[in-house]
Amino acid sequence: MKLLPTILHRRTYVIVTFMITLPMLLFAWINTYNAGKLLMLEKEKQLTAIVNELQFNLQYPYDTILAQEGALQSLPAQKREVLHKRIQPIVNALAKKYPGYGIGCYHPEFKIVAMEPDNPDSIGAELPSSALQVYRDKSVVVHEMVKKIEHGGVPLLVMDYPLFSRGELTGHVWANTLNDINREIYVTVGRNLAVIFLSWLAIIAVIRWFFSKIDRSLAEFAYQVESDEIHAERLHEFPQLVAILEIISSLRQTIKKEYDQKEKINLELAKLDRLELISQMAAGVAHEIRNPMTVVMGYIQRMSQQVEQNRKIPCNLMLEELKRIDGIISDFLSLARNKPMGLSKQQINTIISGIYPLIHADAASKNIAIHLRLDASLIELECNKKEITQLILNLCRNSIEAMEDRGQLVIATLNKKSNIELLIEDTGYGISPEKIEKIFDPFFTTKENCTGLGLAVCRGIVKRHGGIMKIESIEGKGTTCIVKFPVKR
Ligand SMILES: Nc1ncnc2c1ncn2[C@@H]1O[C@H](COP(=O)(O)OP(=O)(O)O)[C@@H](O)[C@H]1O
Ligand SMILES: [Mg+2]
């Protein structure tokens, strides 16, 4: 049996993904938006710091520098050269301090006088018109500029700072970012998305791990249910499953017990049906055999009286054998009967005393002692005397047949409150547990030359008298047969 609750798994993954990803994406979006704004502010702050520092480091206005260098009367190109020499080292030092930023100084007449990153062609070059806005506004200007590169351009943030000398705008300094400002924002967004993705992965991994534990436990549970085994240690993570297993196991046992019982009853019923059929057939056949046999027996009896002495023996032998057959037929007929016939009030003790000589003769030949323990208070029983006699004889004979020399046979009667008990006990070889189930079956015998009908007949007799009989035996020790007849007082 395989349990795969995949629907539950899939649903959980989807729910968790939605629950985690949506708020996180929202958070990331807000975060990214703010991050962009913050980045711009940060950049502007940095640019302000740079241009302020540059302006401070210049110390003197352009004219003062030219005057200091004695170049006031020089040609414009020479003047630019003088300024470049003085200012470029200052710009260089500052650029070193602020990596990632471009810095420069501009003079309206000499154009670019110093610039970092350094480029020999740029000194004296003109700035794009957007960079000259500062001369119209006469105040700090922050703007975006596109730096042309091989394919397309990169947006940069630029700050232009006007330089004044005695109230006159004499030039400006600038600072700009060197890298694509948008790229930095994208990197921030990317980083946020990566964090979201990794968190999602981590959570899904945890859930998967958790589910795999549940799956494994469920599979183990299913296996244990199927194999009807309980290994609590393999389900230590879900002790509730062990409790369920125990309930299932006890239910299974109950069902099995009931099933076995039902099977046994069914077998018993089938056997009874068969017995019923056999006994009816036997009764029919026996009856048909008995009639002609009685005639034959009569003739042989008459013949034996008339023949000579030396022919008497075979006649008597024939009579003996015919009597034996008659006995078996009587047993058959007795088996088929189900209602007691010829009832009269009898003292069982008296019946026992009546057949005692017969039993004694049998027992004496095997050196077996008989102990009679007859209850004197025994009341009379409404019964068929012939049948009860046969019952006692059959039981006693079985006992005697089961004993060797010096055996002990007890015949006892007991007057109980609601029944009369008859007890036949012997010290014979006993009956094994496998055989004791079959001893009441007709024709079951363990002896040679016996019919196996004795106990079947006994049970029939007891049943017809409304009584019960049971046989208890210990192999090698002996057997006790208990018969109980109900009595009305
Ligand atoms: N008292 C007993 N001790 C040992 N075995 C017995 C005793 N009574 C009955 N049995 C067993 O039960 C079987 C059936 O008995 P029964 O129906 O009287 O048939 P039979 O005596 O013809 O064999 C016997 O063959 C014997 O194995
Ligand atoms: Mg017998």
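Pro 117 is placed in the loop between strand 2 (111–116) and helix 4 (133–137); helices (H or I, at least four residues) and strands (E, at least two) are DSSP runs numbered from the N terminus. The peptide bond that runs from Glu 116 to Pro 117 is cis, and its omega is near 5 degrees. Lys 111 is part of strand 2. Phi of Lys 111 has a positive value, near 60 degrees, in a residue other than glycine. Most peptide bonds are trans, and most residues other than glycine have a negative phi.

## Basis of the model

This is a predicted model, in which local features need pLDDT of at least 70 and side-chain atom pairs count only at pLDDT 80 or more, while totals for chains, interfaces and linings use all residues. Residues are numbered from 1 along each chain as its sequence is written, chains are lettered from A and ligands numbered from 1 in the order in which they are written, and side-chain values use heavy atoms, with hydrogens and water left out.

## Ligand 1 and its shell

Around ligand 1 there are 19 residues, of which Asn 398, Thr 445, Thr 446, Lys 447 and Leu 455 come nearest; a residue is near a molecule if one of its heavy atoms lies within 4 Å of it. By class, this shell around ligand 1 has 8 nonpolar, 9 polar and 2 charged residues. Ala, Val, Leu, Ile, Met, Phe, Trp, Tyr, Cys and Pro count as nonpolar, Asp, Glu, Lys and Arg as charged, and the others, Gly among them, as polar.

Polar contacts with the ligand are pairs of N or O atoms within 3.5 Å. An N or O atom in the side chain of Thr 445 is 2.5 Å from an oxygen atom of ligand 1, and a polar side-chain atom of Asn 398 lies 2.8 Å from an oxygen atom of ligand 1. For Thr 479, a polar side-chain atom lies 3.4 Å from a nitrogen atom of ligand 1. On its own, ligand 1 has 530 Å² of accessible area, and the protein covers 94% of it; such areas come from the Shrake-Rupley method with a 1.4 Å probe. Helix 9 (385–402) and helix 11 (454–464) are the elements that give two or more residues to the shell around ligand 1. Helix 9 gives the largest share of that shell, 3 residues.

## The largest pocket

The space that ligand 1 takes is the largest pocket; a molecule sits in a pocket if more than half of its atoms lie within 2 Å of its grid points. On a 1 Å grid over the protein atoms alone, a pocket is an open set of points with protein on both sides within 12 Å along at least five of seven lines, and lining residues have an atom within 4 Å of a point.

The volume of the largest pocket is about 1400 Å³, a volume being the space filled by probe spheres set on the points, which are joined across faces, edges and corners. The pocket is lined by 47 residues, and the closest to its centre are Asn 394, Asn 398, Leu 453, Gly 454 and Leu 455. Helix 9 gives the most to this lining, with 11 residues. The lining of the largest pocket has 15 nonpolar, 19 polar and 13 charged residues.

Definitions and conventions. A polar contact is a pair of N or O atoms within 3.5 Å; within protein, one must be able to donate a hydrogen and the other to accept it, and residues adjacent in sequence count only if both atoms are side-chain atoms. On a 1 Å grid over the protein atoms alone, a cavity is a set of points where a 1.4 Å probe fits but cannot get out, and a pocket is an open set with protein on both sides within 12 Å along at least five of seven lines; lining residues have an atom within 4 Å of a point.
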